[in-house]
Amino acid sequence: MRYYIADLHFFHGEMNDRMDRRGFASVEQMNDYMIKKWNGKVRKNDEVVILGDLSWGTAAQTNEILGLLQGRIYLITGNHDWIMKKSEVNIHRFVWVKPYEEMSDNKRKVVLCHYPIMCYSGQYRLDGEGNPKTYMLYGHVHDSQDQRLIERFQEITRQTKVTDAQGEKRNIPCNMINCFCKYSDYEPLTLDEWIVCDKERRKNG
């Protein structure tokens with residue numbers, strides 16, 4: 001099974017009282033809760049793609065977290081992943097560390113980047129039943145005004161018609177999902193789970 005999650009920010013105290021207002025009493029409580037949620041879902045041979053901003057801690061603190069998290073971990077680097085450049089970090093804990101990647105997930109392509117890509121590779125591709133064949137998974141913007149702007153962009157794009165190769169007019173697909181950890185209560189989710197989570201959040205928002 002493969003899961004995705006973004007912007008965990010282990011050891012980043014400002015996530016509690018300023019930026020995300022996560023509401024934990026301390027960094028330690030936040031870290032413990034996120035580890036519990038991760039390991040309650042992820043098994044030893046599962047894969048987890050982190051879409052950036054894993055840890056704000058030291059190399060030693062980050063290594064400790066990596067030792068506690070189950071599964072095979074992939075990291076898409078974010079703007080706060082400066083610690084990964086330190087030689088003391090156990091970089092071998094990751095299957096790979098990259099700024100961008102495209103992977104296959106149950107016959108669908110996932111475009112993976114910490115930053116949202118408005119016009120992503122494979123955006124227009126649909127299957128024979130008109131379902132998306134490509135999803136763009138990102139992080140970085142958390143639950144901010146930037147996320148609201150991205151949602152508005154998606155609505156405008158989805159309402160815009162183009163003429164396809166057969167001369168028929170159809171709406172432009174736009175399937176971007178913010179895998180912000182707080183949206184899933186800090187639990188890594190599969191692509192299908194993120195699709196449902198994204199739809200429910202927007203409907204209830």
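1. A disulfide is a pair of cysteine sulfur atoms within 2.5 Å. By that cut-off the structure holds zero disulfides. The sulfur of C119 has its closest cysteine sulfur in C174, 8.0 Å away, which is too far for a bond. For C197 the closest cysteine sulfur is that of C179, at 8.7 Å, again too far.

2. On the basis of this note: this is a predicted model, in which local features need pLDDT of at least 70, side-chain atom pairs count only at pLDDT 80 or more, and totals for chains, interfaces and linings use all residues. Residues are numbered from 1 along each chain as its sequence is written, and side-chain values use heavy atoms, with hydrogens and water left out.

3. The two cysteines can also be placed by accessibility. Buried means under 20% relative accessible area, exposed over 50%, and partly exposed in between (1.4 Å probe, protein chains only). C119 counts as exposed, at 64% relative accessibility, whereas C197, at 16%, counts as buried.

4. On the overall fold, the chain has five helices and 10 strands; helices (H or I, at least four residues) and strands (E, at least two) are DSSP runs, numbered from the N terminus. The radius of gyration is 18 Å, close to the 17 Å that the globule rule gives for 205 residues, so the chain is as compact as a globular protein of that length. That radius is taken over C-alpha atoms, and the globule rule is 2.2 Å times the number of residues to the power 0.38. Along the principal axes, the C-alpha atoms fill a box of roughly 60 × 35 × 30 Å.

5. Buried residues make up 50% of the 205 residues. Contact means heavy atoms within 4.5 Å; among contacts between residues at least 6 apart in sequence, 65% join residues at least 24 apart. The accessible surface comes to about 10400 Å², and 50% of it belongs to carbon and sulfur atoms. Accessible areas come from the Shrake-Rupley method with a 1.4 Å probe; for residues, only the protein chains shown count as cover.

6. Helix α3 (residues 59-68) has a buried side made up of A59, T62, I65 and L66. Seen down the axis of α3, its buried residues fall within an arc of 125°, so they line one face of the helix; the arc is that of the directions from the helix axis to the C-beta atoms. These buried residues pack against α2 (27-39), β3 and β4 (94-98). The face turned away from them carries the exposed residues A60, E64 and G67.

7. Strand β3 (residues 72-76) includes I73, which is buried at 0% relative accessibility. Leaving aside residues up to four places away in sequence, I73 touches W38, V48, I50, L66, R93, F94, V95 and W96. L66 also belongs to the buried residues of α3. I73 and D146 are 73 residues apart in sequence, and their C-alpha atoms are 28 Å apart in space.

8. Two backbone angles deserve a look. Most residues other than glycine have a negative phi. R21, not a glycine, has a positive phi of about 50°; its place is in the loop between α1 (14-17) and α2, and at 59% relative accessibility R21 counts as exposed. Y186 has a positive phi of about 70° and is not a glycine either. Y186 lies in the loop between β10 (176-178) and α5 (191-204), and at 4% relative accessibility Y186 counts as buried.
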